[in-house]
Amino acid sequence: MRALARLRDPLIAGVALLALPAVLGALGLGMTSAVEVVVFAIACLGLNVLVGHTGLVSFGHGAWFGLAAYAAGILHREVMPGSFFMPLLAAVAFVGLVALAFGALVLRRRGVYFSLLTLALSAMLYAVAFRWTEVTGGEDGLGGILRPKLLGLDLDDATTFYAVVAAIGFAVVYLLARFHASPIGTVLVAIRENEQRARFIGYATYRYKLIAFVVSASLTGLAGVLLLFTHRMTSAEVISVVFSGELLAMVVIGGMRSFLGPALGAFFFVIFRDLLSQVTENWLLWFGLLFVGFVVFSPTGLVGVAGRILRLVRPPAPVAAAMSARRGGARSAAFLRRDGWSDGPVLVVRGAVKRFGGLYAVDRVDLEVANTSLHALIGPNGAGKTTLFNIVSGLHAPDSGRVLLDGEEVQGLPPEQLARKGIGRSFQITNLFPSLSVAENVRLAVQARSAYAYDPWRPADAIAEIIAETEQVLETAGLAGIEDAEAGSLSYGGQRLLDLALALATRPRVLLLDEPLAGLAAAERERVSALIRAIAADLPVLLVEHDIDRVFRLADRVTVMNEGRVLAEGSAEEVRASPRVQEVYIGAGHAALAAACIAPRAPGKPLLELEAVSVFYSKSRILSGVGFEVREREIVALLGRNGAGKSTALKSIIGIAPLREGRIVLDGVTISGLPPADIARAGIAYVPQGRGLFAGMSVKENLELGRLWRSEGPGIRWDEQRVLAQFPRLRERWTTPADYLSGGEQQMAAVARALIGNTRLLLLDEPFEGLAPSVVEELFSVFDRLREEIAIVIVDHHLDLALALADRVVVLERGELAYSGEARDLAHDLELRRKVLWL
């Protein structure tokens, strides 16, 4: 079946090439227009290797089109008269070599800088072609091109020439389809999705981008040569920025995320040009307006329009949320063990220093991780733990100090080299390839260390050993059953598991896990904790985690950092007993907070009501008929397993996730269907998971933006002084950029930004996630004080904390309401808790 699926696009292209002359003839267009469609389709498919598949936008691809045309024209006239294929092959090879040299320079820049450099190349070559009259013919162009006979075929015959060009076009489609399905092609998509993660699983992304650049330029050059023989001449016009823009417009209009979409865009362009130019000489103006329309209203192009029409005619059947199909839990990780490993320290850090400006994020840190052990690295937010991870894994080079892996110095090496040497890591904020499936994510990580990593021909999903190991990793991480789910559609907990699976799939010598339990439900925490402990029996694990009680149960050895330095190190018992560690980091602990259940308040009048709310993501039903209410001055805890729909419920309230059915009422007024900005101005404030601060802007500027359009309307008015009274630590960070704050300070700033202005309902999505125990205590106290003035809906996987804080509980299971009642009942009745929460 997969082999037939891979032939689908070439078969479609073959049928289209056979039908094209007849279709254009019916529209009154000749064989030359049919040839131009094929030529532009080849050029656009080549350009799309960069734009749609690799995520690199070139504004100057006409340079390769024209350069190849001039090279072939000169060779045909001066060196190879009467030849068709030899000038064509020589010109494509020449363009490939020039693209290799130029790409080696410009691919060191990213984003707009890369695009501007390609634009500069096009402008420069256009000036040369226009003014170097002796070689290029200047403004008159390079003529005198003859179509020779080819294997007895007269290429001067329009139908014969079309057949030859169509055959070349079909060969390009087939070869490109194989290329995109190969390991190299899948890596290019991974680079488009998340280049940083591609490097951390072992891909030298610069090399892959250079391959894509050369292939793209060569194919575009091939199209330029074919157009040379079509018109029997070429000119500087095809090198111009205008023509480059036309090629890019064809790609976008056709659909750059579809393999054949750019070819469809070329077909549309030729028809639009040839028919509309008969009506007005300003046809390019109308084409430009149409291009803008597609960018604004249909970014997926004509292919996307067809898809939407098809969904209207035949709506997809609703399916359950992705995580609901998962089978079983985590499995053994024994397959990770390798023979011949030494028993000494595997990872050694000596005197590591890292400064950011005048701030010492890591200051003379020493660390040793023994073989087959679980070494925990803990400390307050901002202590330098993640920075140390970044030094070890290659994201940052240390200013001084050494990092040794099995005795070999590895500090300063890039992430892809460190991944191949055996350092695998997960990330504090999930770092995936979001538009790829779960299986494709893991397969990419497995493929990175295989002998097929640079294979341009073999289908990536047909390499038996890679597929077998991918399935093994999926089973190990507890992701079996959801292999085909899109990574971005998973719940946050599901994405956490996938992030861990990517690290395992690199077959690391040492595994670095940065808060792997954050965002996981209680039952999932138990399963993943058991998996981590099992992994540590086979290879060393360095773990950063704020679930302090679980850390002390799991870890063989614990290192505590504070303000960039090592504060304490020893066994779990020794570190737990340290007075200094208790003062700086542990505080009273979660257990003490959970034991201090807040006395229930008298409920106020209903403030928010959800009535039979249903929400879909694409065809997946996330919420189904959910209904509950929130009263004034009460805290409602929204609980459930990963993927139950809790975060989606908050997003539906604030208007980010549109309702398919039902309605949401705020103080008697229906707000469902309103834009999120209007709902925020109505008095609902939202703190998303991950905080969502504006990086680079100070705490003051973040709060000013939060208040800007929420200074009037219903709700309690929160000004700066009132907010800072709740978070006095933010006064000291008032002018500090948000991305320079510790995790705890960022969470405080996010809550403060949500409060400021007029607020009467606060939505909190995982507010305790990834925070040190002392910061959790501080936020817990703040939320308890806030209930005196506003209502709060909280989603958090720290079950005991949520139950201690809440007045009432709403439990979701697979998108449906499973339980609603008093929080104290679930807090004290363990049998009820097992029944309702499966715990």
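Which helices do the buried residues of α17 pack against? They pack against α9 (183-200), α18 (464-477) and α19 (492-505), where contact means heavy atoms within 4.5 Å.

## Basis of the values

This is a predicted model, in which local features need pLDDT of at least 70 and side-chain atom pairs count only at pLDDT 80 or more, while totals for chains, interfaces and linings use all residues. Residues are numbered from 1 along each chain as its sequence is written, and side-chain values use heavy atoms, with hydrogens and water left out.

## Helix α17

Helix α17 spans residues 438-447. Helices here are DSSP runs of H or I with at least four residues, strands are runs of E with at least two, and both are numbered from the N terminus. Nine of the 10 residues of α17 are buried. Buried means under 20% relative accessible area, exposed means over 50%, and partly exposed lies in between (1.4 Å probe, protein chains only). The buried residues of α17 include Val 438, Val 442, Leu 444 and Val 446, and also Asn 441, Arg 443 and Gln 447.

## Nonpolar cores

A nonpolar core is a set of buried Ala, Val, Leu, Ile, Met, Phe, Trp, Tyr and Cys residues joined through side-chain atoms within 4.5 Å. The largest such core has 212 residues, and the members that touch the most others are Phe 40, Phe 84, Phe 727, Leu 762 and Phe 783. Helix α3 (residues 31-51) gives the most to this core, with 15 residues. A second, separate core has 31 residues, among them Ile 684, Leu 761, Leu 763 and Val 795.

Phe 727 is in contact with Met 748, Val 751, Ala 752, Leu 755, Leu 779 and Val 782, leaving aside neighbours within four places in sequence. In soluble globular proteins, nonpolar side chains tend to be buried together.

## Cavities

A cavity is a set of points on a 1 Å grid over the protein atoms alone where a 1.4 Å probe fits but cannot get out; lining residues have an atom within 4 Å of a point. Grid points are joined across faces, edges and corners, and a volume is the space filled by probe spheres set on the points. The count comes to four cavities of 30 Å³ or more.

The second largest cavity has a volume of about 50 Å³. Its lining has 10 residues, of which Arg 525, Glu 545, His 546, Gly 770 and His 798 lie nearest the centre. By class, the lining divides into three nonpolar, four polar and three charged residues. In this scheme Ala, Val, Leu, Ile, Met, Phe, Trp, Tyr, Cys and Pro count as nonpolar, Asp, Glu, Lys and Arg as charged, and the others, Gly among them, as polar.

Glu 634 sits in the loop between β15 (620-631) and β16 (635-639). Glu 634 counts as buried because its relative accessible area is 4%. A polar contact is a pair of N or O atoms within 3.5 Å; within protein, one must be able to donate a hydrogen and the other to accept it, and residues adjacent in sequence count only if both atoms are side-chain atoms. The side chain of Glu 634 makes such a contact with the side chain of Arg 808 at 2.8 Å. A polar atom of the Glu 634 side chain also lies 2.8 Å from the backbone nitrogen of Arg 631. Not counting residues up to four places away in sequence, Glu 634 touches Glu 629, Ile 790, Ala 791, Ile 792, Asp 807 and Arg 808.

Asp 807 and Arg 808 are also in contact with Glu 822, when neighbours of Glu 822 within four places in sequence are left aside. Glu 822 lies in strand β25 (residues 816-822) and is partly exposed, with a relative accessible area of 31%.

## Loop residues

Ser 240 is in the loop between α10 (205-231) and α11 (241-254). At 10% relative accessible area, Ser 240 is buried. A polar atom of the Ser 240 side chain lies 3.3 Å from the backbone nitrogen of Phe 243.

Glu 515 has a positive phi, near 55 degrees, in a residue other than glycine. Glu 515 is placed in the loop between β10 (510-514) and α20 (522-536) and is buried, with a relative accessible area of 3%. Arg 814 is not a glycine either, and has a positive phi of about 50 degrees. Arg 814 lies in the loop between β24 (808-813) and β25, and counts as exposed because its relative accessibility is 54%.

Note on methods. 1 Å grid on protein atoms, 1.4 Å probe; cavity = no way out; pocket = protein on both sides within 12 Å on 5 of 7 lines; lining within 4 Å.
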